[in-house]
Amino acid sequence: MRVSTVDIIRLVAAREIHDRLRNRGFLIGTAVTLVVMVAVVIGPSLLSDDDPASFDLGIVGALDPLFEQAVVSAAEAQDADLALRSVADRGAAEQLVEDGDVDAVLMDTHTLLVVDEVDGVLRTIVEQGRQQAALLGGLADAGVDLADADQLLAGRPPVEVLTTAGGTEDDVQRDQGLAVLATILLFLIIQINGSSLLTGTIEEKSSRVVEVLLGSVRPWQLLSGKLSGIMLLAMAQLALFVGVTLGANAAVGAFEVPTATAGALGVGLVMFVLGFAFYSSLYAVAGSMATSMEDAQGTAGPLSFLSVGAYMGTLVGVVPNPDSVFATVLSYLPPTAPFAVPARVAVGAMSPLAVAGAAVVTAVAAVLAVRLAGRLYSAAILSGGKLSWRGVLQAEPVR
Amino acid sequence: MLELTRLHKRYGDVAALDGLSLDARPGRLLGFLGPNGAGKTTTMRAVFGLVGLDHGTVRWQDRQVSQEDMLRFGYMPEQRGLYPRMAAGAQLAYLARLHGMTAAEAATAADLWLDRMGLADRGGDPVNALSHGNQQRVQLAAALVHEPDLLVLDEPFNGLDPLGVAAMSDVLRDRAAHGATVVFSSHQLDLVEALCDDVLIIASGREVISGSLDEVRASTRHHRVEVRLAGGMPPTAPAGVDAVGNRDGLVTWRVPADADPAALLATVSAQGQVERFAFEPPTLSEIFREVVGITIDVSDEPHAVEDHGVCV
């Protein structure tokens, strides 16, 4: 009987994937992430209703045609539909407001009757209407012909903002949004899979099945299989999250998907794989050092600290100021580069050469982390008790 | 043939193995005995390369053990272990595949061994849903599912009820009869005596005595005598005889191996009507006590070297 290393890694990876797909923690983590991603995309759209606002405004007494003209044009400027109706007296006004038939009633030129509060847009419309009506009145008194009043009142297109990079404000916001999404995605995927690697490794160690496995499989083969399986799962998760995020975006039209170059996508994927390999291999070691989940809180603590720090540092320090020294430094530190580089590439703050440099640094660190993990894992996985990071570095690896 | 030669292994100040050698031959069962902490588990782990030896060689079929050789080994560690949430059948098939079987062979072998263990209808159950005894059976099946040429079992009888012990004994005899080399450690010396062809007793990482069961028995300087007189009155021991036991009038003496049984019987007969008289080589348990200096019950007290995080 023969079995190649590739076969062993494939078998271990397949078991790992099969096990995760039946693991409640993993499935819940994935589902929660999906919800978070969808919420990030459609949340703002839900809050900022794109449908034109529509208001019913009552006015006590006779309608001043100047005011009517001004308020309607103010509503147009606010992109709102406004319906006016005449109301007999205060009693009728109260009735209409309380019944919800109108949003507010203008009692006289400066009193607005509402149930408890007035919509800000409606208030703006009324105030602008008053000012413009007064202005028009003044102009008429000064002898100006108001035949061109419509033209005077017609809304002006909003101010257009142009960035020095040649884009618009929306482009910058969208790119920052993508940077944030990429950072959140990587973080969540590392967290979910890091913790499932931790649990899986502890289960193998505490159930002692690992000694049975190591009767025929070498520790590094077992670790490679586990990491391969988890890596495939993480890629599938990434595809799922990105797919669902894009689907949610297509549904609500939250942002225009940039026609990203293959290069930018490639950078994102490469940094994802490298970052994931770096963190997941160390999570596996943390699991092999522990004998229970309580132990693991301690052994994985430094890693969680590192990944949360890299994540927060990127969100707080890199996304808003992608050209800062801080952001540049984070791009070349292996634990933070997987977060910082895609975020900076998304906002166009890195040259291809800088990206290549950061990728090489991270790749070297990832290879070293996996090799170190193989050594530490084989030293820790058969030890009887809990090991510290210092202890595992001094422990003797088997096979 | 498995040959371990002059194995040395230290954990800090503790010598877990101190020049231990062991030979195990195909078709034979080797019982591996010693008090806790004597180095049995370390020796067994060394066969699978799970211990970094300071010195010594592990050879199989006259050559260094290769990764490929190890696929033909079956291992049942002292600390039992299976994936708790994985179905028993799938688990056996998985282990069989890791030992080089094809998917089809592995599925067949898993079914076959579940059936042999009387668990044919439990293959789909997760291991943690099985009773303790049934988990033990799956554990044994896990060591056997790929039909290994060398079986190394660390305390395979621990935690088994008498039926389980009988089933385990049958399986081990069967594997040896099929030409496998079988090495197992045990604290149940009566079992080892009933089952083994060869015996190796170690203490403090060193061999104390080894050989076939008969050789080991013959090597001692003592024989045991069991006597019971009618009425249960204990007979008085002749000079030069150690009285080592008395249970309900059944008296056990330790006598020099060259003592004359006829003379002893005559002495006893003079004291009353003899209901039972036996003159035989010592039991393994007595040999163990004689060569190790303690009874195995005493040595059972857990004192594994946990300080180093390693069970030796």
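Two strands are taken to pair if DSSP finds at least two bridges between them, strands (E, at least two residues) and helices (H or I, at least four residues) being DSSP runs numbered from the N terminus. The structure is a predicted model, in which local features need pLDDT of at least 70 and side-chain atom pairs count only at pLDDT 80 or more, whereas totals for chains, interfaces and linings use all residues. Residues are numbered from 1 along each chain as its sequence is written, and chains are lettered from A and ligands numbered from 1 in the order in which they are written.

In chain B, strand E1 (residues 2-11) runs antiparallel to strand E4 (residues 55-60), to which five bridges join it; within this pairing, B:Leu4 has B:Val58 of E4(B) as its bridge partner. The hairpin of E1(B) and E2(B) has two residues between the strands, and in it B:Gly12 takes a positive phi near 60°.

Within chain A, the axes of helix H3 (residues 65-77) and helix H5 (residues 120-141) come within 8 Å and cross at roughly 135°, where axes are lines fitted to C-alpha atoms, for helices over the stretch in contact, and angles run from 0 to 180 degrees between N-to-C directions. H3(A) and H5(A) are therefore oblique to each other, given that angles under 35 degrees count as roughly parallel, over 145 as roughly antiparallel, 65 to 115 as roughly perpendicular and the rest as oblique.

The contact between chain A and chain B takes 23 residues from chain A and 29 residues from chain B, two residues being in contact if their C-beta atoms, placed from the backbone, lie within 7 Å. On the side of chain B that touches chain A, helix H2 (67-70), strand E6 (73-76) and H3 of chain B are the elements that give two or more residues, and H3(B) gives the most, with four residues.

Helix H1 (residues 5-21) of chain A packs against helix H3 (residues 88-98) of chain B at an angle of about 160°, with the axes 10 Å apart. These two helices, H1(A) and H3(B), are therefore roughly antiparallel to each other. A:Ile8, A:Leu11 and A:Arg15 of H1(A) make the contact with B:Tyr94, B:Arg97 and B:Leu98 of H3(B).
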